[in-house]
Every structure is written in C-alpha cells, then in structure tokens.
Amino acid sequence: ASSLIAIVLLLVALGIVMLASTSAIQGEARYDDPNFFVKRQVAALAVGFIGAVIASRIHYRHWKSFALFIGGVTVVMLIMAITPGVGIEVKGSSRWLRFGPVNVQPSELAKLSMILLVSWWLSRVQRRMDKAIPGLVIPLGIIAVFAVLIILEPDFGTTFLVGTIGVLLLFVGGARIGLLAIAVTSGAALFTAMIMQNSERMRRIIAFLNPEKYAEDEAFQLLHAIYAFVLGGPVGTGLGHGLQKRFYLPEAHTDFIFAIVGEELGLPVTLAVVLLFVGFFICGLLITIQTRDMFGRLVAFGITTMISLQAAFNIGVVTGSLPTKGLPLPLISYGGTNAAVTLFMIGILVNIAIENAGSSNDGIEAIKDRSHTF
C-alpha cells in the first residue's frame with residue numbers, strides 16, 4: 001500500500017505543477033484569473049483525498065451492502081444528465097449536472113458504480129458462474145445499462161472503457177469463455193456500427209489515419225500534440241515555456257496535458273509518467289492477487305484496470321497511437337469529478353491492501369483454482 005500511495009502522490013504533485021503551467025493562459029483569457037483552473041482542481045483533489053482517507057478506513061466488504069444503492073443513484077444521475085433542460089450540454093454532449101457552484105459528471109461515478117455492482121453480483125453467484133443467466137446475462141445487463149446511458153450523452157470513450165472493464169471482470173470472475181466471447185463479439189459489432197453511424201467519430205478515425213490531410217480541423221489537436229513532443233525533444237523547453245498551450249492546443253490542460261509534459265519537461269519526465277502508471281498497475285495486480293475473497297479481488301482488479309487502462313488510452317491518443325477520445329489522464333489532467341472519484345477508488349484499493357496484507361499465497365491459490373468451462 002505504501003508504494004501505491006507514493007505513486008499516487010507523485011502523480012498528483014506533477015499534475016498540479018503541470019496544470020499551473022498549462023492552464024494559466026486559458027484561465028486569464030476566459031476568467032481573468034490565471035489560477036482559476038488550479039484552484040478548482042485543488043478543491044476537487046482535497047475532496048478526493050478526504051474521500052480516499054475515509055474509504056481507506058472502511059472495510060471494503062461493507063461496499064457490498066451499498067453497491068445496489070450506489071448503482072441506482074448513479075443510473076438516476078446518468079438519466080438526469082441526458083434529460084433536456086436538466087443536464088448541462090457542452091459542445092454537443094450532455095455529460096454534466098450542476099449542484100450549486102459544482103458541476104458533476106455522472107459517467108465518472110459510473111466507473112466505480114459498475115465495478116462495485118458487477119463485483120457484488122459475481123461474488124453472490126460465484127458457485128453458479130457456469131450458468132448462462134446468473135453468470136453472464138444478468139452481469140452483462142448491468143454493464144449494458146451504464147454503457148447505453150453513457151453512449152447517449154454521447155461519450156464513446158467512457159462507454160468503451162466501462163464496457164471493457166466490465167468484460168474483464170466477468171472473465172476474472174469465472175464466466176464461461178465461449179459465451180463471453182459471443183457476447184463480446186456481438187457488443188463490439190454493435191459499438192462499431194454506432195461509431196460508423198456517427199459522422200463526427202468517423203471523421204476523427206479518418207483524420208487519425210491521415211492527419212496531414214485534416215490538419216486544419218479533425219486532426220488539429222493530434223498534430224499539435226505531436227508538435228509539442230517534437231519541440232520538447234530530449235530535455236524539454238523548460239517549465240512554463242511551452243508554446244502549444246498558447247491556444248495552439250485547445251484542450252492542453254485537460255485531455256492533452258501529457259503533450260505539454262513532453263514539451264516542457266522532455267523525454268525523461270514523460271517516461272517517468274508512463275513508468276509511474278506501470279508501477280500503479282503492478283501494485284494493483286499484487287493487491288488483487290493477495291486478496292482472499294472474490295468481492296475484494298474483483299473490486300481491486302476493476303479499480304486497477306480502470307485507472308490504468310484510462311491512462312494507457314490517454315497516452316495512446318496524445319502520442320498519435322489511437323484515435324482521439326475524450327479521456328483525461330488520471331490524477332494529472334484537469335477534471336474535478338474524475339480526480340475526486342479516482343482518489344476515492346484508490347482509497348478503496350488501499351483498504352483492500354491493508355485488510356489482506358500477508359495473504360498473497362491464499363490469493364494466488366484462489367486464482368489458480370479458478371477454472372473456465374466452454
């Protein structure tokens with residue numbers, strides 16, 4: 001747990017420093033306050049750290065009792081977000097709810113809710129995982145409810161993330177591989193068809209394949225992110241001296257902050273960020289392995305892969321390895337709900353580590369004993 005906490009603190013510290021450097025120009029231009037985004041992020045991080053401390057002191061098994069309630073509340077919030085006149089629409093997507101001075105993004109809460117709800121269900125029916133209804137149809141239905149509501153916002157990136165982690169939970173939980181493969185293939189085909197029907201997403205994919213041709217529109221951010229890494233080179237231009245954040249890269253302080261890390265701090269720090277997330281993933285897997293019970297093991301695995309996969313997607317997008325998706329870099333990008341929920345999830349992960357300390361052999365044997373039937 002100590003290694004995990006150290007990694008998280010390093011990522012948060014780097015995030016604050018880079019946000020202060022990256023968002024000052026945008027803050028001054030939009031709100032006449034260069035520290036506008038930093039203040040809001042620090043407030044969200046403070047809430048997140050308080051939540052993480054509380055979560056780390058609550059035995060993780062207690063979340064079984066609240067999984068259904070949390071999932072229900074999140075579903076209601078997702079429905080509210082896509083309801084005209086209730087949700088806040090920005091750039092054609094209705095992803096936010098306003099509670100006084102605070103905007104909340106329910107899809108971020110859905111990441112944790114889905115993990116808790118699916119883990120709770122699979123731990124209840126672990127002796128019947130070979131049955132199609134309890135072992136596959138019902139948990140897939142849970143995942144589908146969250147995925148459908150999120151894609152209606154629309155938010156294809158988070159939908160893909162939630163769906164992928166849900167399927168991985170089913171695999172680790174012992175679902176029959178043959179049936180799961182059929183379900184995944186069908187879901188992937190449907191998701192692909194929806195993307196093909198969405199002209200904006202298709203333009204992004206086409207622009208990703210041929211960015212130079214779409215340099216003035218769909219590939220604008222991608223190319224300027226790549227330019228940032230080129231300008232930074234091996235050692236960077238120096239903290240605060242980046243060029244791309246000066247209105248060349250529109251989302252420099254959110255989804256594309258990793259490009260500014262490369263531009264200002266150079267290759268060593270970008271590699272350090274990647275290694276920190278790799279370290280986080282390894283710590284999470286070790287916690288998963290040492291966890292004795294199914295519920296805790298699934299929650300630990302779900303949280304670990306959710307945060308790690310989101311980081312991998314963001315880095316892949318910013319470096320031009322994946323088509324553009326609106327996924328922030330966990331603990332570094334600007335985004336209050338994402339920061340607070342991520343830290344809360346990490347608090348739960350820390351508690352799982354504490355409660356199962358010294359039981360790695362039991363966890364390894366439990367994983368070895370798990371078997372799939374076709």
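**A buried glutamine, a kinked helix and paired charges**

At 6% relative accessibility, Gln26 counts as buried (buried means under 20% relative accessible area, exposed over 50% and partly exposed in between, with a 1.4 Å probe and protein chains only as cover). The structure is a predicted model, in which local features need pLDDT of at least 70 and side-chain atom pairs count only at pLDDT 80 or more, while totals for chains, interfaces and linings use all residues. Residues are numbered from 1 along each chain as its sequence is written, and side-chain values use heavy atoms, with hydrogens and water left out.

Gln26 belongs to helix 1 (helices are DSSP runs of H or I with at least four residues, strands are runs of E with at least two, and both are numbered from the N terminus). Leaving aside residues up to four places away in sequence, Gln26 touches Tyr31, Phe37, Phe247, Pro250 and His253, contact being heavy atoms within 4.5 Å. Helix 1 covers residues 2-31 and has a kink of about 50° centred on Ser23; the bend is the angle between axes fitted to the seven residues ending at a residue and the seven starting there. Just after this helix, Asp32 takes a positive phi of about 55°.

Charged pairs come next. There are 5 salt bridges, each a side-chain nitrogen of Lys or Arg within 4 Å of a carboxyl oxygen of Asp or Glu. One of them joins the side chains of Asp155 and Arg95 (3.8 Å, N to O). Asp155 lies in the loop between helix 5 and helix 6 (156-173) and Arg95 in strand 2, so this pair ties together parts that are 60 residues apart in sequence. Asp155 is buried, at 2% relative accessible area, and Arg95 is buried at 13%.

Lys111 also forms a salt bridge, with Glu108, and their closest N and O atoms are 2.9 Å apart. These two residues are 3 residues apart in helix 4, a separation of about one helical turn, and both are buried. In a further salt bridge, Glu264 meets Lys245, with the closest N and O atoms 2.7 Å apart. This pair links distant parts of the chain, as Glu264 is in helix 10 and Lys245 is in the loop between helix 9 and helix 10, 19 residues apart. Both Glu264 and Lys245 are buried.
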